[in-house]
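The following exercises concern a two-chain model and are to be worked with the sequence and the structure at hand. Each task is followed by a solution in steps.

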Amino acid sequence: MLIDPTLRRVGVAVAAALMMTAAPGALLAETPADTLVIADAIDDIVSLDPQEAFEFSGLDVINNVYDGLVELDPSEPTGPQPGLAESWDVSEDGMTFTFKMKPGITFSSGNPVTAEDAAFSLQRAVKLDKSPAFILNQFGWTKDNVDQMVTFDGDTVTLKTDKPYAPTFLYNCLTAGVAVVVDKKTVLEHEANGDLGNEWLKTNSAGTGAYILKSYKPNEGYILQAREGHWRGDAPMKAVFMRHVPEAATQRLLLEKGDIDVARELTPVDIEGIKGNADLKVQSDVGGQIFYLSFNQKNEAYKNEKFLDAMRWAIDYQGLADTVLKGNMVVHQAFLPKGYLGALDDTPFSLDVEKAKALLAESGVTAPKVVIDVRNAADRMEMAQSIQNTFGQVGITVELNIGEGAEQLKRYRARQHDATLQSWGPDYPDPQTNAGSFAWNDNNADDAGTGTLAWRNAYDPGPLNDITAAAVMERDGEKRAAMYQDLQQKHRTTSPFIALFQIGYNSAMRGNVNHFYTGGAIDSAAYWLVTK
Amino acid sequence: MAASSAPLPTNPWLGRLRGLGGTLISLAATVLGLLFITFIIARVVPIDPVLAIVGDRATDAQIEATRVALGLDKPMWHQFLIYLGNVLQGDLGTSIRSGEPVLQAVGRVFPATLELSTLGVIIGVLAGVPAGVLAATKPGSIADHIVRLVGLMGYSMPVFWLGLIGLLLFYGVLGWVGGPGRLDAIYQMQFEFDVTPVTGMILIDTALAGRWDMFANALSHIILPASLLGYLSMAYISRMTRSFMMNELGQEYITTARVKGMPEWRVIWVHAMRNVMVPLITVIALSYAYLLEGSVLTETIFAWPGLGSYITDALMTNDMPAVLGGTIVVGVAFVTLNLVSDLLYKLVDPRAR
């Protein structure tokens, strides 16, 4: 049979292309037994210098590469545990804290960990003055005085504060990433132009953690290598490989094929989709972000407590959490996230149209109209549309002002909104982080510019200011927790804030992965306990 | 003064130099225009770049200080001149997110895009040109209809859908190819430690290092996204080849060649093809440029750490220096490809010399 030469050539080309596509199939490899491979979106990383890092993905790295004087237990992050310090004490006047270092711990360089390193690290954080420095500035530490406020002698670090703060406030702040201990000698060897080694530490590590940062490429991934003879015991996973995979569907496919061990950015739809797969499992945690609705009290109507109360009973919290926000959000009706000292877990409000109508009638507000600023993100739009619907049933007209996040933030910070649907994440593992913003405003003038959430809503907390101020000084941990509970009870019934949800996270993983802790609302991920 | 009708003596080299000078000036003007337009777009979008940098917690004083530090307090024309001056000195600015110089970041991610799109356009040409020729020589036949249908699908199907379906089928179900990313996890880690990056292109670097196992793994990863890009450019190349070829096959010199008894393959692939090549070079160069700039979605789906992913991530975080820098690199690549196609054009077509 004669074959047209052109056709024959095309046939050869097509066959060659097919062979090229098919041939490498046999080369597929599973993840190595002693390596944890994770897929996540890590494009939020700004720096891996612990005294600069302030984003979720960066803090995950810091948590595994560095240790602090005190730390949180990854499996149950409820309160400070000994880290590099074996014991600590506070003076009678409550303004001097001493930490005794554990002996025999070394940095990854081999240098021994000393009290000098610990003091240097805290001083470094204040002197560098990067984003998270304010966490330590709260204790009266400034660039000028930190060398006198943070000192060392032998194996003891001494921290002085400008006021007798609650000891738990200091200890909780010391568990934050900014307070971890870096290797003074190594860091200063890499100092350039007086930057205290900042440029070098952005992509290198000098810590005591279970892992060393071996490589980091922005928007690509990072590799952590386990240290041998680590003071906590060797990590079962000899290496951790984090791959930047922004697309959830791609993460799911990689996980199902066994090319990664953990996927951290799956959507609720993907989570539902893998439920039938016996090789995989899903671990649900809550994160720290609180979603809330708030009203600008420059509008007098929002000072009317009955009106605010009517709106609290006009939201279908559970309905949203069970349907459109399923797996994404958990109903939460107070400003401290679950997991924090003094957090309230009860949910007293629910959708009750009749009750809301009665409260609205009592309030005396006629023909109410609320303009809610909403960021153009899917979950927020779902919330806003549901609120628009249920407020409508009560007789409150809602107009949604939908826009880009940064623009809406600008309006919010300038107190130009009427109402806004927002979220807020805590900055450090102490209740003051949210109390100091939701329930603190000591100058309600337009030009005060304090930036607290209370100020943005022109809300004068009045007596709640006093509780916030007293709680941060309360030396008895239990009493302090009770004060925050009392503060939140009052806040959620009198303030122009309606707390709605706490964000939820789902990590999907291969069935053989165990002891993977994400840190929940309060801490960062811990890889050194993972087995598979 | 007496008028002279004699032509001035001309130096052919001078003419060529003039031509080249003109081309370079028009290239520079194109890049300058691109810089201006992207700069203006980045400035007029209703996003406050300062708030994007300092974040929600910043005080008013910090915001103002950052605004001054970025030069945003100056008039826009002044800002543009400063930016232009920096770009001319090879400074594309610093990424807001990572603090990394944009030029350095682009230098890191661009080879991944270049590797992917080069392979893509090679596949596109190898499949598209023969398909177009086949369709042109047998117009109205089943082969012609198939080529047209396949081309139409390449035009009309969204690339993210094709990418996901391709991944699902060839990686998820059949297991013929490697998954998203440039290497399997185990090879990726070995690559970090064992291979010295020379070009940033994994196929070349692993080959240079003699790591053929890693090369094969990299090939298994790149083949699917490259085929997808190849398919997209094939759709365009095959349609254009068909049209150019049909035009040539109707010319008298083709009839003459056939009458002289020349074999058909020689008529098509030698005589007609030589003339089809001229416009085809522009088509291929445009496809190549399109792949360089247009692989954004493909890179996101395939977790490919290239320029497309970089620009997408930068856009998502309002990192305007990174967006601008990436756009300029794409623009320069586009202009350069145009220049190369112009030069090739002159090489292939004697009339254009």
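**Exercise 1.** Which residues of H9(A) are buried?

*Solution.* The structure is a predicted model. A residue is taken as buried if 20 or more other C-beta atoms lie within 10 Å of its own. By this criterion, the buried residues in H9(A) are A:Ala249, A:Thr250, A:Gln251, A:Arg252, A:Leu253, A:Leu254, A:Leu255 and A:Glu256. Eight of the ten residues of H9(A) are thus buried, so this helix is largely enclosed by the rest of the structure. Just after H9(A) comes A:Gly258, whose phi is positive, at about 80°.

**Exercise 2.** Determine how many residues of each chain take part in the contact between chains A and B, and describe the side that belongs to chain A.

*Solution.* Begin with the counts: chain A contributes 47 residues, which are in contact with 55 residues of chain B. Next, assign the chain A side to secondary structure. Two or more residues each come from helix H1 (5-22), strand E1 (35-40), strand E10 (239-244), helix H9 (248-257) and helix H15 (405-413) of chain A. Of these, H1(A) gives the most, with ten residues. Finally, sort the chain A side by class: 25 residues are nonpolar, eleven are polar and eleven are charged.

**Exercise 3.** Identify the buried residues of helix H8 of chain B, and state what they pack against.

*Solution.* H8(B) spans residues 185-194, and its buried residues are B:Ala185, B:Tyr187, B:Gln188, B:Met189 and B:Phe191. Their packing partners lie in both chains. In chain A the partners are E1, strand E9 (221-226) and E10, while in chain B the partner is helix H10 (212-249).

**Exercise 4.** How do helices H14 and H15 of chain B pack?

*Solution.* First take the geometry: H14(B), residues 307-316, and H15(B), residues 320-348, pack at an angle of about 150°, with their axes 8 Å apart. Angles over 145 degrees count as roughly antiparallel, and the two helices H14(B) and H15(B) are therefore roughly antiparallel to each other. The crossing of H14(B) with H15(B) is left-handed. From H14(B), the contact draws on B:Leu307, B:Tyr310, B:Ile311, B:Ala314 and B:Leu315, and from H15(B) on B:Ala322, B:Val323, B:Gly326, B:Val329 and B:Val330. By class, nine of these residues are nonpolar, one is polar and none is charged.

**Exercise 5.** Describe the overall make-up of each chain.

*Solution.* Chain A has 19 helices and 17 strands. The radius of gyration of chain A is 26 Å, close to the 24 Å from the globule rule for 532 residues, so chain A is as compact as a globular protein of that length. Buried residues account for 52% of chain A. Chain B contains 15 helices and zero strands. Of the 353 residues in chain B, 40% are buried. The C-alpha atoms of chain B fill a box of roughly 85 × 85 × 40 Å along the principal axes.

Terms used. Residues numbered from 1 in each chain as written. Chains lettered and ligands numbered in written order. Predicted model: local features only at pLDDT ≥ 70, side-chain atom pairs only at ≥ 80, totals over all residues. Contact = placed C-beta atoms within 7 Å. Helix = DSSP H or I, 4+ residues; strand = E, 2+ residues; numbered from the N terminus. Nonpolar A, V, L, I, M, F, W, Y, C, P; charged D, E, K, R; others polar. Buried ≥ 20, exposed ≤ 12 C-beta atoms within 10 Å, placed from the backbone. Rg over C-alpha atoms; globule rule 2.2 N^0.38 Å. Axes fitted to C-alpha atoms, helices over the stretch in contact; angles between N-to-C directions. Parallel < 35°, antiparallel > 145°, perpendicular 65-115°, else oblique. Left-handed = near helix turned anticlockwise from the far one by under 90°.
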